[in-house]
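The sequence and the coordinates are shown below for reference.

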Amino acid sequence: MNSLLEVKDLQVSFYTYAGEVQAVRDVSFSLGKGETLAIVGESGSGKSVTSKSIMRLLAKSAKIKNGSIRFEGKELASLPEKQMQGIRGKEISMIFQDPMTSLNPTMTIGRQITEVLRKHRNMGRDEAAKRAVELLNQVGIPNPEKRLKQYPHQLSGGMRQRVVIAIALACNPKVIIADEPTTALDVTIQAQILELMNRLQQQMETSIILITHDLGVVAHMASRVAVMYAGKIVETGTVDEIFYEPKHPYTWGLLASMPKLHEKSEELLAIPGTPPDLSDPPKGCPFAARCPYTMEICYEQMPSYTEHSGTHQAACWLQDSRAPKVERPLAGGE
Ligand code: SF4
Ligand code: MG
């Protein structure tokens with residue numbers, strides 16, 4: 001596969017009064033052209049920190065300690081901020097969870113879109129205005145001319161997220177990073193936005209990194225999945241491999257806690273326990289405190305990745321030839 005973005009051995013830490021918090025620990029993955037890679041995990045697993053590292057939008061207290069982020073021959077991890085500004089929003093753009101945080105409440109929709117076009121694509125006023133109408137049409141916003149004169153608060157949540165997508169698409173970026181793009185929306189709108197993103201991706205051949213805690217969203221959108229836990233990727237595979245042949249007990253837990261059709265979300269089986277404290281990460285497997293299959297070695301040594309196919313790897317001692325055979329428990333209703 002021709003990879004467009006290659007993250008290797010990425011380590012990111014936050015420096016707090018309580019000490020160093022190792023939010024991302026040796027994360028590696030690649031993103032091919034036109035591909036959607038989902039990064040899945042609970043909150044605090046390091047998935048947003050990973051994506052903010054790529055965009056170089058980390059908080060001041062955070063630092064890329066080690067590793068590389070290659071994008072079309074450029075090393076983003078150490079690129080000067082000035083050059084990064086030519087990539088951010090133009091070559092790689094980002095869609096956040098809450099459209100209200102990415103839109104400016106004091107500026108009209110039209111001005112927010114045309115500003116991007118004028119800044120990154122050197123368009124004149126009229127050309128940018130024309131393109132803004134096209135973009136709103138593309139993301140399915142009716143009456144674009146009228147909408148362009150409105151402010152964010154005059155639009156519904158779903159419409160606002162469409163505007164955010166239009167802005168993200170404005171410069172024809174090669175990569176879009178979507179961090180929980182539908183989490184703040186209600187279920188029907190969620191489905192519409194996912195469908196829109198799918199359609200636009202096919203038309204434009206953009207590559208997408210989709211950050212989500214929701215495996216339902218993954219099934220709709222992604223071709224490959226990386227499962228993150230406690231700052232590490234514990235399993236990675238194609239969507240089929242992750243859904244039908246998952247190897248890591250944490251992935252099993254995530255799948256078991258996925259809502260089934262017609263099931264109320266209150267009935268979900270959450271994985272008992274909490275993730276480890278990343279200011280003092282365990283030396284063995286990070287999932288050991290919550291895993292039902294723990295062996296002695298799990299507390300002692302971090303498992304390395306076992307290859308199950310050219311696309312499928314998992315880091316779990318159960319895959320060691322000396323480990324007892326364990327069957328994945330089937331969730332109720334499967
Ligand atoms: Fe569970 Fe051990 Fe596998 Fe970690 S390495 S997921 S603790 S069995
Ligand atoms: Mg997050």
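This is a predicted model: local features need pLDDT of at least 70, side-chain atom pairs count only at pLDDT 80 or more; totals for chains, interfaces and linings use all residues.

The surrounding residues number 14.

## The four-stranded sheet

Four strands form an open sheet in the order β2-β1-β4-β5, and their pairing is antiparallel. Because β2 (19–32) and β5 (74–75) each have a single partner strand, they stand at the edges, and one side of each is left without a neighbour in the sheet.

Arg 70 has Glu 75 of β5 as its bridge partner. Helix α1, which spans residues 47–55, lies across β1 (3–16), β2 and β4. The angle between helix α1 and β2 is about 70 degrees.

## Leu 196 and its surroundings

Leu 196 belongs to helix α8, which covers residues 187–204. Is this residue buried, exposed or partly exposed? Leu 196 counts as partly exposed because it has 17 C-beta neighbours inside 10 Å, whereas a buried residue requires 20 or more and an exposed one 12 or fewer.

Leaving aside residues up to four places away in sequence, Leu 196 touches Val 139, Gly 140, Arg 162 and Ile 165. Met 100 lies 96 residues from Leu 196 along the chain, and a distance of 19 Å separates their C-alpha atoms.

Methods
Residues are numbered from 1 along each chain as its sequence is written. Chains are lettered from A and ligands numbered from 1 in the order in which they are written. Two strands pair if DSSP finds at least two bridges between them. Helices (H or I, at least four residues) and strands (E, at least two) are DSSP runs, numbered from the N terminus. Two residues are in contact if their C-beta atoms, placed from the backbone, lie within 7 Å. Axes are lines fitted to C-alpha atoms, for helices over the stretch in contact, and angles run from 0 to 180 degrees between N-to-C directions. A residue is near a molecule or strand if its C-beta atom, placed from the backbone, lies within 6 Å of it.
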